[in-house]
Amino acid sequence: MKILFINPALRQGTDHLYLPVGLGYIVTYVKQHGYKFDILDIDAGNYSTEYIEQYLTKNKYDVICLGSIVTHYAWMKWAINKIKELQPSSKVIVGNSVGGSIPEVLFQTTKVDIVIYGEAEITITEVFDAINYNKSFGEIIEPYVEVPHANKGYPATIKGDGIKGIIYRGGKNLIINNGKRKAVKNIDDFPFPDWELFDVEKYLKVGESKKTSHAWFYGTDEAIPMPINTARGCVFKCTFCHYVFWHDPYRHRSAENVIAEMKQLNKKYNANFFNFWDELSFHKIGPATKFVDQLIDADLKWHWTCAVRADLMGKDIDPKGNPIPREERLELAKKFVKAGCVSAGYSLESGSDKILEDMNKKVKSKYFKEQVHICREAGLITNTSIIVGYPSETKETIAETMTQLEELRIYPSTGYLLPLPETGMWNHAIENGFIKDIDKYLTDITERQDFNLNMTKMTQKELEEETSKWLQQLNDKFGNPLKDLFKTGGENQNTAHQVTERDKAKIERNKNVTEDLNYGKVSGTMR
Ligand code: B12
Ligand code: SF4
């Protein structure tokens, strides 16, 4: 059985390349289970459309697998249909949220054969086994049962029984949905992604040659950053968010397991800076303390970044109403620093507590502020993203958010609300007629930094002008050199401000941060 995996390029030709962690997990797992395959790495190769078409014309496969996030729908639609045009007999398997959150749409607008939703390692191996040994994927449950969904206007999938975690094209024009697969309990069980299968050199060199890295404060001559997935899922359900592990329990790898991967990456690639690519790396003081204590004991001398709850160190009361003393929270932040953490990412999203409620964020802005103070005291860098344009957004709520950031001296990574499938905001947009043609909407959307849809009572012009006005004010006040106030990193035209000489003082600041995080000035930011 000839298999091809395709790694698409989310932001083709930009200054950063990110190793594809999800794909890395999958290819490693199927390799361990005896499958051989090719990888067409469009991201690393920066391949043109012509190249891709030529490749697919020359190289024939039985199975072609590709996955991406849902914002990449337009490209995925093109790619799937192109594959089917050039090699109609190959089976096309799609994973990640582009399939899993909109299967009803994808099966209508493309010729995809199988969608894998949720955690894919085991599922894809079972699908390969079925194809390899000519077995069926399952059967339709009769009488037919339609699986409810929020993609208005598209026919439902029909309940089936068989390989869990897949939706596939069955007979009689039916799309059969075998239901969710239970997530793996202990994610330590997955093998570490085998980066030998990718052109790691290339991934590391792109940032280096363009003098951009995604290691906070560390220059490209100093940091060799690599990604690690330390946790899957999140304990919250914000109304703008959706990720592949949405329906799975929150799971964290053990510190031993993460440390072993760090050591392996250091040994193989000299990696000394690790980006914890998680939705949520730490959610509670207890487990977080245990984890960083183990890192401190391991005495690795490397650095890392992670994602934490916006109130992990800011909230002074636990769910049972017991107080959490400030010293305890400050102690945790200090331990993060001691363990090598440079920046713990967490998001304000909005400074308006009303909008935070609409977001179901379960965080109050006062806790965010307290966390900023604690992190600064401990020497951790604070950065935040904000979402502008919730339905209840007004000039006043924008001002509420921005004045807090101004006081805290944080330049935000700013985006407009971008309703994504399977989120509360998606349902709102569909129910209220903001999205009438799902295929068109998904084809047109780009990134949250671009204006995609207005669901507020302000006009789009007002919303954009108000947001830009405030960002300009922050940019000027903080002395940032940002030319594009939204795309603060990662894009060719917006990285000039990142090409600054490494500044020892800034690096020192990690250890003793008392001043602001002047976002745009930091070498290597990439939000
Ligand atoms: C790293 C990252 C990035 C990196 C991408 C690096 C890379 N090459 O992978 C960068 C910084 C570029 C990025 C950008 C954006 N990102 Co991002 N990002 C992440 C992050 C933090 C980690 C991804 C990861 O590695 N996860 C860990 C692995 C193990 O999980 P996984 O990727 O889901 O993989 C599993 C399954 O999806 C599946 N799978 C994955 N690939 C494949 C392939 C096949 C063939 C199959 C069968 C299965 C499969 O199997 C894997 C193992 O079980 C996630 C949050 C998260 N934790 O997922 C957000 C996330 C993926 N990003 C998201 C978004 C929205 C964006 C942006 C659009 C934000 C923006 N600025 O507007 C941009 C995209 C820009 C664009 N041009 O479209 C959303 C996606 C939402 C959605 N419903 O699709 C996420 C989920 C965050 C969130 N909750 O909002 N991102
Ligand atoms: S936005 Fe963050 S906290 Fe909210 S559900 Fe998504 S990952 Fe969790």
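**Entry 1: ligand 1**

I looked up which elements supply at least two residues each to the shell around ligand 1, and found α1 (21-32), β3 (63-67), β4 (91-95) and α7 (121-132). Helices (H or I, at least four residues) and strands (E, at least two) are DSSP runs, numbered from the N terminus. The model I am reading is predicted: local features need pLDDT of at least 70, side-chain atom pairs count only at pLDDT 80 or more, and totals for chains, interfaces and linings use all residues. Residues are numbered from 1 along each chain as its sequence is written, while chains are lettered from A and ligands numbered from 1 in the order in which they are written.

I noted that α1 gives the most to this shell, with 5 residues. In total, 39 residues surround ligand 1, the closest being V21, G22, G67, G95 and A120; a residue is near a molecule or strand if its C-beta atom, placed from the backbone, lies within 6 Å of it. Sorted by class, I recorded 20 nonpolar, 12 polar and 7 charged residues around ligand 1. Here Ala, Val, Leu, Ile, Met, Phe, Trp, Tyr, Cys and Pro count as nonpolar, Asp, Glu, Lys and Arg as charged, and the others, Gly among them, as polar.

**Entry 2: ligand 2**

I found C234, F236, K237, C238, C241, E279 and L280 around ligand 2. That shell has 5 nonpolar, no polar and 2 charged residues.

**Entry 3: an open sheet**

I traced an open sheet of 4 strands in the order β11-β14-β15-β16, with parallel pairing; two strands pair if DSSP finds at least two bridges between them. β11 (225-228) and β16 (341-345) are the edge strands, each pairing on one side only. Between β11 and β14 (residues 273-276) I noted 4 bridges in the parallel sense, and P225 has F273 in β14 as its bridge partner.

**Entry 4: a helix pair**

I recorded that α11 (residues 326-338) and α13 (residues 365-378) pack at an angle of about 50°, their axes 8 Å apart. Axes are lines fitted to C-alpha atoms, for helices over the stretch in contact, and angles run from 0 to 180 degrees between N-to-C directions.

**Entry 5: backbone exceptions**

I checked for a cis peptide bond and found one joining E142 and P143, with omega about -5°. P143 sits in the loop between β6 (138-140) and β7 (146-147). N360, which is not a glycine, has a positive phi of about 60°. I placed N360 in the loop between α12 (353-358) and α13.
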